[in-house]
Amino acid sequence: MSAISLNHVSVCAERLEESVRFYEDLFGMERIPTPNFGFPVQWLRVGDLQLHLFERPGGAPKYHHVALSVDDFEAVYARAEELGIHDRTTYGHHLYELPDNNVQMYLRDPSGNLVEVDWPDLRTLSPEIRGEIRRLADRDPQNAENLTATLFLPAREVKIGT
């Protein structure tokens, strides 16, 4: 028995409507029909997956995060800069190069949830953004296995019910 895919991620929203608008405006997510759970909840479509936002008491965990791949990293970077939501403290900086030239950007949503924005190849980004990126390997030593890591795994064929 094996899990075959990730279906959704749920995060807390202090003010549900504000958080929904954030994900719609910054990431182009769309509202989808949502069951009534007896408290405010909104499901959002992100590609073939879902993000579930729920309004409940309690703050966002410091390091827990949701990671999104985007089709225009530079536009998201610029908008996050305008909004002043880059998280420059949790991991020591807001923009990192990982092995395999992958890029991670960290920001905070209106409820304080950490959002990671991923990009497959730093070489495709503008010199201005590349100048902001720090190499993870300069902060933390990487062994041979670490250097084979990638955020962007090749697709596998999924067989259901066999």
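How many bridges join β2 to strand β3? Three, and the two strands run antiparallel.

This is a predicted model, in which local features need pLDDT of at least 70, side-chain atom pairs count only at pLDDT 80 or more, and totals for chains, interfaces and linings use all residues. Residues are numbered from 1 along each chain as its sequence is written, and side-chain values use heavy atoms, with hydrogens and water left out.

**View 1. The open sheet has four strands in the order β1-β4-β3-β2.** Its pairing is mixed (strands, E, at least two residues, and helices, H or I, at least four, are DSSP runs numbered from the N terminus; two strands pair if DSSP finds at least two bridges between them). β1 (8-12) and β2 (30-32) stand at the edges with a single partner strand each, so one side of each has no neighbour in the sheet. I32 has W43 in β3 as its bridge partner.

**View 2. Helix α2 (residues 73-83) has buried residues F73, V76, Y77 and A80.** Buried means under 20% relative accessible area, exposed over 50%, partly exposed in between (1.4 Å probe, protein chains only). These residues lie on the same side of α2, because they cover an arc of only 100 degrees around the axis (directions from the helix axis to the C-beta atoms). Just after α2, G84 takes a positive phi of about 65 degrees.

**View 3. Q104 sits in strand β7 (residues 103-108).** Q104 is buried, at a relative accessible area of 9%.
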